[in-house]
Amino acid sequence: MSKRSRRSRRSNREVVNRNRPRRKPQSSQRKRTPRNIETTKYIQEPIKKKNGNPIVRWVNTHVDNVRLALGILIFICSILILNNNLNIKDAYITSGQSFYSVLLMGKSTGDLTKWAREYVVTGDIKYKQAYDSHLKERNGTKADRRGVTKSYDQRFKDIPNSIVPEEDKTKLLDSLSASNILAVKEQIAFDFVEKGDLDSAKECVFGDEYDQQKEKVLTPLLEFTDKLQMDMGRKIVTKIYFSYGYIILLCLANLVLIILINDRLDLSITDKED
């Protein structure tokens, strides 16, 4: 190959290289193409939640008010349970006081009858002294074995009307009146003993009239005891059932309040797109 042909080729290459467009240098950082506005908006917006249950949706919407209402409900239930327990305590105390008064009345009548008859039969003065001493306790002029100085009439009247109605306490007062009539007969028998008329004295405390009058003392006591037992049992059972209801309501309110505090109520919400 000749030198002339070589030179011509070199010159042709230089011409071609000059006519080619030069490439721009690549920058180290690429340009970021902007995202679609609608796509960006769709990604940024969270999916709205809907719930098919209107009650749960309403609770979630008004959760603060629901918490406040549950707190008030818990407070009211607690007060009602406390009041119920206090009523049960009062019922127990009153029923115990009433039964004790009935027991005292029955024992008093039996003791007076026993001492009166023993004095009439034996003439021993110690029985009359025991009779007079117990009669003073019953009338409230002498303290009893508990140190209480109060007549039986006042004991019966002090029983609360809220627990024992007035008509029921009337039975106790009727029994006390009938017992006072027996005491009058026993005093007449004592007078006959002092006069030496033992037959008349025995007739006063051993006759049919005396036994009938004594029955008038005991019958109201038994009627009062039966009615008091039924009424107190019914009242206490009713209060206990109410306490059960308040406790159940209190537990449910506490459970819902705990769920709301921990935001667990949203578990029942299903995801749906608009």
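Tutor: Let us begin with a term we will need throughout: helices are DSSP runs of H or I with at least four residues, and they are numbered from the N terminus. Please also keep in mind that this is a predicted model.

Student: Let's pick one residue. Where is Ser108, and is it buried or exposed?
Tutor: Ser108 is found in helix 4. Its relative accessible area is 1%, and because buried means under 20%, Ser108 counts as buried.

Student: What is Ser108 in contact with?
Tutor: If we leave aside the neighbours within four places in sequence, Ser108 is in contact with His134, Arg138 and Tyr152.

Student: What about Thr94, buried or exposed?
Tutor: Thr94 also has its place in helix 4, and with a relative accessible area of 5% it is buried. Not counting residues up to four places away in sequence, Thr94 touches Ile159, Pro160, Ile163 and Val164.

Student: Switching topic: how many aromatic pairs are there?
Tutor: The count comes to 4 aromatic pairs. One of them joins Tyr119 and Phe190, whose ring centres are 5.2 Å apart and whose planes meet at 85 degrees, so this pair is edge-to-face.

Student: Why does that pair tie together parts that are apart in sequence?
Tutor: Tyr119 lies in helix 4 (residues 63-122) while Phe190 lies in helix 7 (residues 166-195), so the pair ties together parts that are 71 residues apart in sequence. Tyr119 is buried at 6% relative accessibility, and Phe190 is buried at 1%.

Student: Which other ring pairs with Phe190?
Tutor: The ring of Tyr131 does, with its centre 5.0 Å from that of Phe190 and the planes at 90 degrees, so that pair is edge-to-face. It links distant parts of the chain, since Tyr131 belongs to helix 5 (residues 125-139) and Phe190 to helix 7, 59 residues apart. Tyr131 and Phe190 are both buried.

Student: What do those three form together?
Tutor: Tyr119, Tyr131 and Phe190 form one aromatic cluster.

Student: Which charged end sits over a ring?
Tutor: The charged end of Arg146 sits over the ring of Tyr100, at 4.1 Å from the centre of that ring.

Student: Now cavities. How many are there of 30 Å³ or more?
Tutor: The count comes to 1 cavity of 30 Å³ or more, and the largest cavity has a volume of about 40 Å³.

Student: Which residues line the largest cavity?
Tutor: The lining is made up of Ile163, Val164, Pro165, Asp168, Phe224, Lys227, Leu228 and Asp231. These divide into 5 nonpolar, no polar and 3 charged residues. Helix 9 (residues 208-261) gives the most to this lining, with 4 residues.

Student: Last topic, a few partly exposed residues. Where does Ile76 lie?
Tutor: Ile76 lies in helix 4, and with a relative accessible area of 42% it is partly exposed. The C-alpha atoms of Ile76 and Tyr246 are separated by 9.3 Å, although these residues are 170 residues apart along the chain.

Student: And Lys114?
Tutor: Lys114 is likewise placed in helix 4, and at 39% relative accessibility Lys114 counts as partly exposed. Between the C-alpha atoms of Lys114 and Tyr127, which are 13 residues apart along the chain, the separation is 8.7 Å.

Student: Which helix has Ile188, then?
Tutor: Ile188 lies in helix 7 and, at 37% relative accessibility, is partly exposed.

Methods:
Residues numbered from 1 in each chain as written. Predicted model: local features only at pLDDT ≥ 70, side-chain atom pairs only at ≥ 80, totals over all residues. Heavy atoms only, no water. 1 Å grid on protein atoms, 1.4 Å probe; cavity = no way out; pocket = protein on both sides within 12 Å on 5 of 7 lines; lining within 4 Å. Points joined across faces, edges and corners; volume = space filled by probe spheres on them. Helix = DSSP H or I, 4+ residues; strand = E, 2+ residues; numbered from the N terminus. Nonpolar A, V, L, I, M, F, W, Y, C, P; charged D, E, K, R; others polar. Phe/Tyr/Trp six-rings, centres within 6.5 Å; stacked < 30°, edge-to-face > 60°. Buried < 20%, exposed > 50% of the residue type's maximum accessible area, 1.4 Å probe, protein only. Lys NZ or Arg CZ within 6 Å of the ring centre and 35° of its normal. Contact = heavy atoms within 4.5 Å.
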